[in-house]
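Dear colleague,

I am handing over the structure that we spoke about, and below it you will find my notes on what was found. Please read them with the structure open beside you.

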Amino acid sequence: MHDEIQEILISEEEIQVKTKQLAEKITNDFDGKFPLAIGVLKGAMPFMSDLLKRVNTHIEMDFMDVSSYEGGMKSTGEVKIIKDLNTQVKDRDILIIEDIIDSGLTLSYLVDLFKYRQAKSITIVTLLDKPTGRKSDVKADLVGFEVPDAFVVGYGLDYEEKYRNLPYIGVLKPEIYS
Ligand code: PRP
Ligand code: MN
Ligand code: MG
């Protein structure tokens, strides 16, 4: 699997250090509140796990499974709910957890949805931000790393459902997807 990676962009250790810093910020920001942390499946799973185990205040966890890429390279532009929350959003402080913001279409869809459901506040934390891909004006409150316009995989991010289990963020060799 590793020989299909051209370059490691963000190492396992760098991810862990950053995750710890983000968790401290979240601990401070939500101290005394009881936020609903919503992981966006499937990509956010490894980051959510590493992040929230370091948050030192009460949080509730839930998951939403949405998809717009259907395994491929480009967003279809249409966000599909595959699994909705089990929890009421009304009057809750929401913490959306994402692995990456690219076009921003997934997040702007979720932000609109949670506003419609009358969330009290909405905070977005993303491990990666790819500003060059943006097609909506959504912005994260907390960002781990900015990434260049390359096809990145690992630590939750897939290409055709592979590479999510890499412990680092890497760039896929072009021959794998062309
Ligand atoms: C990926 C990624 C983000 C979203 C970002 O998810 O995990 O959720 O796309 O792209 P955007 O900003 O252009 O919307 P995907 O839809 O591939 O589903 P997955 O998490 O199950 O891989
Ligand atoms: Mn995703
Ligand atoms: Mg995907």
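I begin with Glu161, which is placed in the loop between S8 and S9; helices (H or I, at least four residues) and strands (E, at least two) are DSSP runs, numbered from the N terminus. Before going further, please note that this is a predicted model, in which local features need pLDDT of at least 70 and side-chain atom pairs count only at pLDDT 80 or more, while totals for chains, interfaces and linings use all residues. Residues are numbered from 1 along each chain as its sequence is written, chains are lettered from A and ligands numbered from 1 in the order in which they are written, and side-chain values use heavy atoms, with hydrogens and water left out.

Glu161 is not a glycine, yet it has a positive phi of about 70°. With a relative accessibility of 42%, Glu161 counts as partly exposed; on this scale buried means under 20% relative accessible area, exposed means over 50%, and partly exposed lies in between (1.4 Å probe, protein chains only). Tyr163 is also found in the loop between S8 and S9, and its phi is likewise positive, near 75°, in a residue other than glycine. Tyr163, however, is buried, with a relative accessible area of 3%. Elsewhere, the peptide bond from Leu41 to Lys42 is cis, with omega near -5°, and Lys42 belongs to the loop between S2 and H2. As background, most residues other than glycine have a negative phi, and most peptide bonds are trans.

The open sheet

Strands S1, S9 and S8 form, in that order, an open sheet of three strands with antiparallel pairing, where two strands are said to pair if DSSP finds at least two bridges between them. Its edge strands are S1 (5–10) and S8 (152–153), each of which pairs on one side only. S1 is joined to S9 (residues 169–172) by four bridges, the two strands running antiparallel, and Ile10 stands opposite Ile169 in S9.

S2 and S3 run parallel and are joined by six bridges, with Phe63 in S3 as the bridge partner of Gly39. S2 also runs parallel to S5, to which four bridges join it, and here the bridge partner of Ala37 is Leu95 in S5. Five of the six residues of S2 are buried, so this strand is largely enclosed by the rest of the structure. Six of the eight residues of H2 are buried, so that helix too is largely enclosed by the rest of the structure.

Helix H1

Which residues of H1 are buried? They are Ile15, Thr19, Leu22, Ala23, Ile26 and Thr27. The face of H1 turned away from its buried side carries the exposed residues Glu13 and Asn28, and Asn28 has a relative accessible area of 61%.

The nonpolar cores

A nonpolar core is here a set of buried Ala, Val, Leu, Ile, Met, Phe, Trp, Tyr and Cys residues joined through side-chain atoms within 4.5 Å. The largest one has 28 residues, of which Leu51, Ile97, Val125, Leu128 and Ile169 touch the most other members. H1 (12–29), H2 (45–52), S5 (93–101), S6 (121–129), S7 (142–146) and S9 each supply at least two residues of this core. Apart from this core lies another, of 20 residues, among them Ile38, Ile96, Val111 and Ala140. Leaving aside its neighbours within four places in sequence, Leu128 is in contact (heavy atoms within 4.5 Å) with residues including Ile10, Asp99, Phe145, Leu157 and Ile169.

With best regards
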